[in-house]
Amino acid sequence: MKKWAKVKHICSRIEQYVCALLYPHAATCPLCGEMRKVDGYYALCPDCMDKLEEMQVPSAACNKCLSPVRRGQGCNMCRSGRMKSIDACFSPFCYRNEVRRLVHQFKFDGNSSYIRYLSFKMAEALPDREWDFLVPVPLSRERMWDRGVNQARLLAEALSQRTNIPVLDALERTVNRKPQSATPMEKRAENVKGVFRCIGTLDGLRILLIDDVRTTGSTAQACATEMKKAGAKRVGLCTLAVVYRDPKKFRKRKNEKKQKFIRSSKILHTNRLK
Ligand SMILES: [Zn+2]
Ligand SMILES: [Zn+2]
């Protein structure tokens, strides 16, 4: 699987290079595959960009951590203290549908032709530029070999060009653990414990941590804790997307599952009686 991902990554790079040589003013939309003439700026076609716009983080999200909040109630994520070392979160998109596909392509195929658009949306999500450094979440050496690229660093570099905030590699991974995506939600905080280390001191600095997706926030929390220990005054988190479970849809799905369970247990019960 790993070998196959590497081959796919190399093929995709060659394809991009050959296309750029043959058709300098054309680009293929990474979402729908449409080949079109571009002004050399965004590789995504306008239709796909519209689809992404529909997946922006709703204004009803928690001010601090962007998690869904029910009217009149506090934020569960903030109340649980899972983000206590992080002072603010910024993200343009919810992690679903087209955004999910884009992040996957970006992560595993190394297709970064649309990074300019993504960094533009990230910069738009930042209310101010009051940060001293952008710090990307580091990858382990092994994973870096597999992927060939740290997507968090690519995002940080692109965002740095837009905002003029310099990139600083202030963190390193001391141990290699199972990827968070392959770890159950409830074990993710444990999985990143003691994984990150801060290189040098960050006395009085305002740091904006950069990553691609925030799910439980455990990775960001582990990084932020280390940076606060190293003296950082303020730590923010800017990700391309956040996993956002719409409370209404979540409730509906929970009820559907409950009804399904009741139905199946009734069938089981009648079958037993027979
Ligand atoms: Zn498209
Ligand atoms: Zn919150």
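**A covered helix and its surroundings**

Author: Start with helix α9. Its buried residues are Ser218, Thr219, Ala220, Gln221, Ala222, Cys223, Ala224, Glu226 and Met227. Buried means 20 or more other C-beta atoms, placed from the backbone, within 10 Å of a residue's own; 12 or fewer is exposed, and in between is partly exposed. This is a predicted model: local features need pLDDT of at least 70, side-chain atom pairs need 80 or more, and totals for chains, interfaces and linings use all residues. Residues are numbered from 1 along each chain as written, with chains lettered from A and ligands numbered from 1 in the order written.

Nine of the twelve residues of α9 are buried, which leaves the helix mostly covered. Across the protein chain, buried residues make up 30% of the 274 residues. The chain has ten helices and nine strands (DSSP runs numbered from the N terminus: helices are H or I, at least four residues; strands are E, at least two).

What covers α9? The cover includes strands β6 (171-173), β7 (196-198), β8 and β9, together with helix α8 (188-191). Look beyond the end of the helix as well. Glycine 231 follows α9, and its phi is positive, near 105°.

Strand β8 covers residues 206-214, and strand β9 runs parallel to it, joined by eight bridges. Pairing calls for at least two DSSP bridges between two strands. Aspartate 211 is the bridge partner of threonine 239 in β9.

Take β8 by itself. Seven of its nine residues are buried, so β8 is largely enclosed by the rest of the structure. It has another parallel partner in strand β5 (residues 133-136), with four bridges joining the two. Leucine 134 stands opposite leucine 208 in β8.

Then take β9. It is mostly covered, with eight of its nine residues buried. Strand β3 (residues 88-90) pairs with β9 in the parallel sense, over three bridges. Here phenylalanine 90 stands opposite cysteine 238. Strand β4 (residues 93-94) also pairs with β9 in the parallel sense, over two bridges. Here cysteine 94 has valine 242 of β9 as its bridge partner.

The largest nonpolar core has 57 residues. A nonpolar core is a set of buried Ala, Val, Leu, Ile, Met, Phe, Trp, Tyr and Cys residues joined through C-beta atoms within 7 Å. The residues with the most contacts inside it are Leu134, Leu155, Ile207, Leu209, Ile210, Cys223 and Met227. Cys223 and Met227 are also on the list of buried residues in α9. In soluble globular proteins, nonpolar side chains tend to be buried together.

Leucine 155 shows who meets whom. Setting aside neighbours within four places in sequence, leucine 155 is in contact with Leu118, Ser119, Met122, Ile210, Asp212 and Leu240. Contact means C-beta atoms, placed from the backbone, within 7 Å.

Leucine 66 has a phi near 70°, a positive value in a residue other than glycine. It sits in the loop between α2 (46-53) and α3 (76-79). Leucine 66 counts as buried because 26 other C-beta atoms lie within 10 Å. Asparagine 97 is not a glycine either, yet its phi is positive, about 40°. This residue belongs to helix α4 (residues 97-109). Asparagine 97 has 13 C-beta neighbours inside 10 Å, so it counts as partly exposed.

How values were computed: Contact = placed C-beta atoms within 7 Å.
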